[in-house]
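Thanks for coming. I have one model to go through today, and I will keep to the geometry. Please have a look at it first.

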Amino acid sequence: MSELKNEVCPFCKEKTLTLREETYNVPHFGKCFLMSMSCSSCSYNSSDVEAEEQKPPTRQTFTLENKKDLNVRVIKSSEATVKIPQLKMEVTPGVASSGYISNIEGVLLRFKKIIEKERDSTDDPEVKKHAKNLLKKLWKAELGEFPLKIIMEDQSGNSAIISDKTEVQKLK
Ligand SMILES: [Zn+2]
């Protein structure tokens, strides 16, 4: 791991930014780098992941079927779109989008946080009810009660769901 401290923050311009780069060797994916920035003054932080070897743009489809599948390794770059069609949910790349190395459980946790935020910030009982239903479905899928399809698309080629079960299609 390499680390640079006291860099200039792009937001608050204070010299309180820390840059980190970590190298990972992921089986069936190869060497990749996790880069992150965090500022101790304005709490700005961002991260991204990049593969050492240039890879083609792909759509990767994985079906979560049991608890063991939660441990499947996921590499998601900031340019990836993650979709759960059964829940009509989608996370698209944007300014605040970050890359990470995690697993299926971690991907679902990020979706849960979005839903929980929605549930807690509304006064509309319908929206609250809908959010609660989504959380319940995610919870059941994690227990392996029904198969849940997770799709990840990345034009940069820097994303992957590392499993024999993953269907990989080339994107144009
Ligand atoms: Zn800052």
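I start with a sheet. Three strands, in the order S9-S6-S11, make up an open sheet with antiparallel pairing. Its edge strands are S9 and S11, the latter covering residues 160–162, and each of them pairs on one side only. Direction ignored, neighbouring strands here are turned by 20 degrees against each other on average. For the terms: strands are DSSP runs of E with at least two residues, helices are DSSP runs of H or I with at least four, and both are numbered from the N terminus. Two strands pair if DSSP finds at least two bridges between them.

Before going further, the conditions. This is a predicted model, in which local features need pLDDT of at least 70 and side-chain atom pairs count only at pLDDT 80 or more, while totals for chains, interfaces and linings use all residues. Residue numbers run from 1 along each chain as its sequence is written.

Back to the pairing. S6 and S11 are joined in the antiparallel sense over 3 bridges. Val-74 has Ile-161 in S11 as its bridge partner, and Ile-75 has Ala-160, also in S11. Towards S9, S6 has 4 bridges, again antiparallel. There, Lys-76 is the residue whose bridge partner in S9 is Tyr-100.

Next, the helix that goes with this sheet. H1 lies across S6 and S9, and runs at about 105 degrees to S9. Axes are lines fitted to C-alpha atoms, for helices over the stretch in contact, and angles are taken between N-to-C directions from 0 to 180 degrees. H1 spans residues 104–120, which is 17 residues, and reaches 24 Å from its first C-alpha to its last, close to the 24 Å expected at 1.5 Å a residue. The expected span is 1.5 Å times one less than the number of residues.

Which residues of H1 are buried? They include Ile-104, Val-107 and Leu-108. These cover an arc of only 95 degrees around the axis, which puts them on the same side of H1. The arc is that of the directions from the helix axis to the C-beta atoms. On the other side of H1, Lys-113, Lys-117 and Asp-120 are exposed. Buried means that 20 or more other C-beta atoms lie within 10 Å of the residue's own, exposed means 12 or fewer, and partly exposed is in between, with C-beta atoms placed from the backbone.

As for what the buried residues of H1 pack against, the list includes strand S5 (58–64), strand S7 (80–84), helix H2 (125–142) and strand S10 (148–154). S6 (73–76) and S9 (100–103) are also on that list. A contact here is a pair of residues whose C-beta atoms, placed from the backbone, lie within 7 Å.

Now the whole chain. The protein has 2 helices and 12 strands, in the sequence pattern β-β-β-β-β-β-β-β-β-α-α-β-β-β. Of its 172 residues, 21% count as buried. The C-alpha atoms fill a box of roughly 50 × 45 × 30 Å along the principal axes. Among contacts between residues at least 6 apart in sequence, 62% join residues at least 24 apart.

There are two domains, domain 1 (1–53) and domain 2 (55–172), with bounds from an automatic or database domain assignment. Their C-alpha centres lie 23 Å apart. How many residues of domain 1 are in contact with domain 2? The count is 14 residues of domain 1, against 12 residues of domain 2. On the domain 1 side, the elements giving two or more residues are S2 (17–26), S3 (30–39) and S4 (45–51). S4 gives the largest share of that side, 6 residues.

Met-35 sits in strand S3 and counts as partly exposed because it has 15 C-beta neighbours inside 10 Å. Leaving out residues up to four places away in sequence, Met-35 touches Glu-21, Ser-47 and Asp-48.

Glu-21 belongs to strand S2. With 13 other C-beta atoms within 10 Å, Glu-21 is partly exposed. Glu-21 and Met-1 are 20 residues apart in sequence, and their C-alpha atoms are 5.7 Å apart in space.

Technical notes. Two residues are in contact if their C-beta atoms, placed from the backbone, lie within 7 Å.
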